[in-house]
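Me: I'm new to reading protein models and would like to go through one with you. Could we take it feature by feature?

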Amino acid sequence: MKQEQRTMHIQIRKSVLTRGLVLAAAALALAGCEKGKESGQSLVKVNGTELTVHQLNAELKNSPGVSQPVLLDALVTRQLLVDAAKKDKLDEDPAVLADLQKSRDTILAQAYVTRKVTPPSAPTDEEISQGYKDAPDMFAQRRHYEFSELVIQPGDMNDKIDTLMQSKTTLEDVANYLNSQRISYRREVVTRFSAELPAQMAATLRAMEPGTLFVVKEPQQTLLMSIKESKPMPVSLPAAAPQIRQLLVSKKYNDLVNAQIDYLKKSASIEYLPRGEAIRKTAEQAQQDQAAPVKEKAAAPSASANDEQIKRGVAGLK
């Protein structure tokens with residue numbers, strides 16, 4: 001359980017720290033120097049700035065297994081870079097200041113979550129068994145897919161191609177049509193396990209026979225796809241148990257974090273101004289589109305061009 005808690009904290013920490021973290025750490029190091037002068041815990045001076053044992057201990061905590069000399073040298077190097085940045089007045093640059101503020105806020109938010117949310121207990125055998133049943137495409141009914149595809153420019157897609165893709169034809173027939181119309185394309189073959197796909201899409205593909213055609217529209221390209229091969233590759237419950245255990249712990253922890261965030265939202269005064277409200281509504285619409293049910297054709301289960309779930313799901317095959 002201790003290992004799972006440690007893994008969880010590492011996952012959360014990685015998900016929230018940003019590229020400004022190095023700059024924020026440098027700023028915190030500078031603040032720590034003042035404390036070092038008072039406590040007499042200084043280890044080295046760099047251009048008059050004291051680096052303390054507290055800073056070294058913090059580095060040791062975040063970098064287990066790395067020796068003290070290596071980390072002390074890293075502290076010195078970082079301080080040299082900070083001094084050089086300040087000499088170039090980068091600490092007055094608006095973009096740098098924004099990154100520092102963002103990193104500071106992120107670290108504070110992470111600290112709050114760490115203190116307020118206790119990692120959940122290990123899942124029971126019953127919960128693991130239920131998790132196995134609830135995700136058939138990841139485990140019991142896992143499949144390996146091989147897809148053939150013709151990649152064209154979005155502007156080259158037309159009604160004739162759409163009709164061909166929804167008919168009982170082959171991808172080679174579609175390629176012949178593209179050749180006859182001098183529409184350029186490239187061929188690709190991609191493979192994926194059903195466990196790598198969104199659950200709804202994996203369930204849809206499971207019902208498709210090899211040779212089934214479907215269209216995937218992306219911003220920069222349109223994919224004319226066919227299921228070349230589909231093979232069952234199930235995973236047993238004993239083999240899947242470690243992964244299911246980790247997934248359940250992660251879900252429970254995220255649920256606890258979200259509950260804390262919901263509490264904060266309900267307790268706060270949040271007012272969206274016009275531009276912010278427009279952005280919020282755009283995000284809500286995108287979520288609704290993604291959650292839309294998968295549509296299938298009666299003759300062949302080909303996805304429509306407007307099927308957001310299929311578009312987003314198969315896009316991940318790239």
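Reply: Helices (H or I, at least four residues) and strands (E, at least two) are DSSP runs, numbered from the N terminus. A word on the source: this is a predicted model, where local features need pLDDT of at least 70 and side-chain atom pairs count only at pLDDT 80 or more, while totals for chains, interfaces and linings use all residues. Residues are numbered from 1 along each chain as its sequence is written, and side-chain values use heavy atoms, with hydrogens and water left out.

Me: What is the phi of asparagine 47 near?

Reply: Most residues other than glycine have a negative phi. Asparagine 47 has a positive one, near 55°.

Me: Is asparagine 47 buried or exposed?

Reply: Exposed, with a relative accessible area of 64%. The cut-offs are under 20% for buried, over 50% for exposed, and partly exposed in between (1.4 Å probe, protein chains only).

Me: Which loop holds arginine 182, and what is the phi of this residue near?

Reply: Look between helix 8 and strand 4 (186–193) for arginine 182. Its phi is near 55°, again a positive value in a residue other than glycine. Arginine 182 is exposed too, with a relative accessible area of 80%.

Me: Let's zoom out. How many helices and strands does the protein chain have?

Reply: Twelve helices and six strands. The chain has 318 residues, and 34% of them are buried.

Me: Which residues have the most contacts inside the largest nonpolar core?

Reply: In soluble globular proteins, nonpolar side chains tend to be buried together. A nonpolar core here is a set of buried Ala, Val, Leu, Ile, Met, Phe, Trp, Tyr and Cys residues joined through side-chain atoms within 4.5 Å. The largest one has 15 residues, and those with the most contacts inside it are Leu150, Ile152, Ile161, Met165, Val174, Leu178 and Leu224. At least two core residues come from each of strand 3 (143–152), helix 7 (159–165), helix 8 (171–180) and strand 5 (213–217). Helix 8 gives the largest share, five residues.

Me: What is leucine 150 in contact with?

Reply: Contact means heavy atoms within 4.5 Å. If you leave aside neighbours within four places in sequence, leucine 150 is in contact with residues including Val174, Leu178, Tyr185 and Leu224. Apart from this core lies another, of 14 residues, among them Tyr145, Val151, Val190 and Met208.

Me: At what angle do helix 6 and helix 10 pack?

Reply: About 100°, with the axes of helix 6 (residues 125–134) and helix 10 (residues 237–267) 9 Å apart. Axes are lines fitted to C-alpha atoms, for helices over the stretch in contact, and angles run from 0 to 180 degrees between N-to-C directions. Under 35 degrees is roughly parallel, over 145 roughly antiparallel, 65 to 115 roughly perpendicular, and the rest oblique. So this pair, helix 6 and helix 10, is roughly perpendicular.

Me: Which residues of the two helices meet?

Reply: Among them, Ile128, Ser129 and Tyr132 in helix 6 meet residues of helix 10 that include Leu237, Ile244 and Arg245. Serine 129 is partly exposed, with a relative accessible area of 23%. In sequence, serine 129 and arginine 245 are 116 residues apart, but in space they are 9.9 Å apart, C-alpha to C-alpha.

Me: Which residues does glutamate 229 touch?

Reply: Not counting residues up to four places away in sequence, glutamate 229 touches His144, Tyr145 and Glu146. You'll find glutamate 229 in strand 6 (residues 222–232), partly exposed at 35% relative accessibility. Glutamate 229 and histidine 144 are 85 residues apart in sequence and 8.0 Å apart in space, C-alpha to C-alpha.
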